[in-house]
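Thanks for coming. I will go through one structure this morning, starting with charged pairs and then moving to the helices and the surface.

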Amino acid sequence: MSMPLSDPTDDALMTEINMTPLVDVMLVLLIVFILAMPLIQNSTRVELPQAQSAPAAPQPDAIRLTIDASGQTFWNDAHVSPQELRTRLTEAAHRSPQPPIELRADRATRYEPVAQALAAAREGGMTSVGFVTEPAR
């Protein structure tokens with residue numbers, strides 16, 4: 001119990017912080033963490049299998065859509081304009097079975113040409129687009 005430093009009849013504000021609620025909350029949190037720690041440490045250990053996955057073989061009818069560093073688009077190694085790309089994508093979407101698209105973009109390519117190609121594929125009705133990357137060395 002603290003002793004007041006001034007007269008109790010004084011109308012000055014009390015400037016001491018009541019630490020009891022803070023200590024109570026900290027003790028409750030400490031108890032919660034002590035009780036929860038064994039539950040966290042006794043998790044089920046599972047050894048996952050390890051496998052070497054081979055790269056997927058390109059499908060013969062897949063469309064190779066390539067975007068170079070300058071943003072130019074190529075359909076199976078032939079340069080296409082944005083309008084021609086939309087036309088070809090619409091035609092390819094109506095084939096049965098629909099061929100997948102293998103999108104290859106240069107590392108230095110800006111995002112905008114890639115986004116436009118994806119939007120054109122979606123507008124054309126294509127349902128399968130895959131991003132081709134090189135394996136890490």
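Arginine 86 is partly exposed, with a relative accessibility of 34%. Bear in mind that this is a predicted model. Arginine 86 makes a salt bridge with glutamate 123, and their closest N and O atoms are 3.7 Å apart. Since arginine 86 sits in helix 2 and glutamate 123 in helix 3, the pair ties together parts that are 37 residues apart in sequence. Glutamate 123 itself is exposed, at 61% relative accessible area.

In total the structure has four salt bridges. Another one joins the side chains of aspartate 77 and arginine 64, at 3.0 Å from N to O. Here aspartate 77 belongs to the loop between strand 2 (73-75) and strand 3 (78-80), and arginine 64 to strand 1, so parts 13 residues apart in sequence are tied together. Aspartate 77 is exposed, with 58% relative accessible area, and arginine 64 is partly exposed, with 30%.

A further salt bridge pairs arginine 104 with glutamate 102, with 3.2 Å between the closest N and O atoms. Arginine 104 is partly exposed at 31%, whereas glutamate 102 is buried at 15%, the cut-off for buried being under 20%.

Back to helix 3. Helix 3 covers residues 111-124, and its 14 residues reach 20 Å from first C-alpha to last, close to the 20 Å expected. Which of its residues are buried? They are Pro113, Val114, Ala117, Ala120, Ala121 and Gly124. These cover an arc of only 125° around the axis, so they lie on the same side of helix 3. Tyr111, Arg122 and Glu123 are exposed on the other side. The buried residues pack against strand 1 (63-67), helix 2 (82-93), strand 4 (101-105) and strand 5 (129-131). After helix 3 comes glycine 125, with a positive phi near 100°.

Now the protein as a whole. It contains three helices and five strands, in the order α-β-β-β-α-β-α-β along the sequence. Of the 137 residues, 18% count as buried. Among contacts with a separation of 6 or more, 63% are between residues 24 or more positions apart. The accessible surface is about 11800 Å², and carbon and sulfur atoms hold 59% of that.

Leucine 29 lies in helix 1 (residues 20-41) and is partly exposed, at 39% relative accessibility.

Terms used. Residues are numbered from 1 along each chain as its sequence is written. This is a predicted model: local features need pLDDT of at least 70, side-chain atom pairs count only at pLDDT 80 or more; totals for chains, interfaces and linings use all residues. Side-chain values use heavy atoms; hydrogens and water are left out. Helices (H or I, at least four residues) and strands (E, at least two) are DSSP runs, numbered from the N terminus. Buried means under 20% relative accessible area, exposed over 50%, partly exposed in between (1.4 Å probe, protein chains only). The expected span of a helix is 1.5 Å times one less than its number of residues. The arc is that of the directions from the helix axis to the C-beta atoms. Contact means heavy atoms within 4.5 Å. Accessible areas come from the Shrake-Rupley method with a 1.4 Å probe; for residues, only the protein chains shown count as cover.
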